[in-house]
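Biologist: I have a protein model open and would like to learn how to read it. Could you take me through some features, with the general idea before each case?

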Amino acid sequence: MTEVKALFRNEQWKSIFSMNQIQLFLRQVLKAVTLPLAGIIIFLILWQSVASNITTSLGQFPGPTEVWEQSKSLVAEHKQERVKEKAFYERQEERNAKKLAKNPDAKIKTRTYTGKATFFDQILTSLYTVSFGFFAASFIAVPLGIACGLSEKVYQSINPIIQIFKPVSPLAWLPLVTMVVSALYTSDDPYFDKSFLTSAFTVTLCCLWPTVINTTVGVTSIDRDLINVSRVLQLSPPVHVRTIVIPSAIPMIFTGLRLSLATGWMVLIAAEMLAQNPGLGKFIWDEFQNGSSNSLGRIMVAVLAIGLIGYLLDRLMLALQRRISWDKQAILR
Amino acid sequence: MNNSYLLISSVGIEFETDNEPFRALQDINLPIQKGEFISLIGHSGCGKSTVLNIVAGLYQATEGGIILEGKEVNEPGPDRAVVFQNHALLPWLTVYQNVELAVKRVFKKTKTKTEMHDWVLHNLSLVHMDHALHKLPGEISGGMKQRVGIARCLAMQPKVLLMDEPFGALDALTRAHLQDSLMEIQGRLGNTVVMITHDVDEAVLLSDRIVMMTNGPAATIGEILDVKLPRPRDRLALAEDPDFIHYRQQVLKFLYEKQKNPASPLSINSSSKNGETEHSSVSADAA
């Protein structure tokens, strides 16, 4: 009898415990999901009501429903285009097979499909361009920042150049970059498109500075004691950089990289619009020039996609930092 | 004088400032024998750390120099290992890796991989830290970090072990534990140690000689006290020992009568049961 009572008590405890857990869980859900969701819903309602009051020469300003319709049609167009592409290649293969059957020595031609780039193709192009430009910049900026942080002399000699070029909008560089790329990149069988290189270098030019500056600050603010440890151990410069400098500067390096990537992404869209280089920027400009009743809705889809992708890129960098950084306890925002 | 192991020879240093150069130290002469434990004590800002940094080679003396085993040394090196006040472990390396970094640097050519591994473990067990090999410094207590810091220095087999207020940042109990560990290790290995301290009890308990410094600017050695207490020393027995109390008094007198510095009263181990010294510490604070 007493055993049963004990068991019962035990059960009761368990259920109370789980009740607490459920409450805790619900509270977490409320914090993590409900509040952001509420924010989004209020925003959508406001958007819809404001949009219905704005009429432009291209029709009503797109509200959430219009944007939703347009995004569906963009997906549909993309699928349609893929079907066309597949059909094209099938036809080509069939034709070539027939030719070969008639005459085994016949020269066959394979052409790549040159259909209209869909919204999703443009997204991929932009992502590819921004990552190329960003990596090229990081490749230069991180070592340069480390050199500036380690040596006062290097810093003093490079700092004026950084300070002068940092405030220049990369778009001001765009015409120069375009001309330089077309003058210098003259291969018969180019691996990269010129337009791609132009956009990518423009991104590189704006991705350099935040990384250089933040890396420099990170390297100069290394704990004095750790530098003294390195001196007592007489660590060679490469070992010093690898074991002391880079691990201490990692948080600041990543701050720089994230700032760089964010500005790089913003600048890329503008550069694509301005230079008519393939990518999301061109998509927006084309839709604007097109001026159909769907255009504004489609542009709005692109705007949201740009925001979402920018956000995802930043999360990606955070995840990378979390992986690389030694300090797993650090709260990263 | 010339047969001393480590010689601090007429060392003086001036620091550049915006106005006129600031003379921090002047005419420091101190011969140290092999295996000796020296404490440097003095008020804050008197230049104790500067002396240690000059011996370590981290600062360059303006005049005079450091002679170790008959050779002048003027840049930092693993033969003069430094235990820093704030342990200075690399936070991204584990306990084991922190010691390993030093061992690899010093014994790369003379020891094999397994020998180096054993040597790291040996030194960590000397400081009783072999249970936390794969913890990061952020995951262990302050006292443990300082133990690892000491192990890292011991593992370098330095000619001189330099300690910059090694226990200053620790609570009293942990400090006592570490002092005992240090005494035990020094008794076993016979290291030559130069330690900076603020703590009068610590200085008397650990040292063979206590070097008392005058106040800056242009600080120099005021008095040197030979502590002739037999080793091994036991803190409990010594607390009542008249010689110990006498030595303690000597140091306190120097610090609070001869070199009175009301701006920065020294921290005195107030947990001491000795009424007389309690009194002197109170009067020092009042002054």
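Biologist: Is S199(A) buried or exposed?

Modeller: Buried means under 20% relative accessible area, exposed means over 50%, and partly exposed lies in between, using a 1.4 Å probe and protein chains only. S199(A) has 1% relative accessibility, so this serine counts as buried. Please keep in mind that this is a predicted model, where local features need pLDDT of at least 70, side-chain atom pairs count only at pLDDT 80 or more, and totals for chains, interfaces and linings use all residues. Residues are numbered from 1 along each chain as its sequence is written, chains are lettered from A and ligands numbered from 1 in the order in which they are written, and side-chain values use heavy atoms, with hydrogens and water left out.

Biologist: Where is S199(A) found, and which residues is S199(A) in contact with, leaving aside neighbours within four places in sequence?

Modeller: Helices (DSSP runs of H or I, at least four residues) and strands (runs of E, at least two) are numbered from the N terminus. S199(A) belongs to helix α6 of chain A, residues 194-220. A contact means heavy atoms within 4.5 Å. Apart from neighbours within four places in sequence, S199(A) touches T129(A), L268(A), E272(A) and N277(A).

Biologist: How many helices and strands are there in chain A?

Modeller: Chain A has ten helices and two strands. Starting at the N terminus, their order is α-β-β-α-α-α-α-α-α-α-α-α.

Biologist: What does the radius of gyration tell me about chain A?

Modeller: The radius is taken over C-alpha atoms, and the globule rule to set beside it is 2.2 Å times the number of residues to the power 0.38. For 333 residues, a compact globule would come out near 20 Å, but chain A has 28 Å. The C-alpha atoms of chain A fill a box of roughly 90 × 70 × 60 Å along the principal axes. Of the 333 residues in chain A, 34% count as buried.

Biologist: What share of the contacts in chain A join residues at least 24 apart?

Modeller: Taking contacts in chain A between residues at least 6 apart in sequence, 70% join residues at least 24 apart.

Biologist: How do I read aromatic pairs?

Modeller: Rings of Phe, Tyr and Trp (its six-membered ring) pair if their centres lie within 6.5 Å; planes under 30 degrees apart are stacked, over 60 edge-to-face, and the rest tilted. By this rule there are 17 aromatic pairs over all chains. Take F43(A) and W47(A): their ring centres are 5.9 Å apart and their planes are at 35°, so the pair is tilted. Both sit in helix α1 (residues 2-51) of chain A, where being four residues apart separates them by about one helical turn. W47(A) is buried, at 12% relative accessibility. Elsewhere, one aromatic cluster is formed by Y128(A), F132(A), Y191(A), F192(A) and F196(A).
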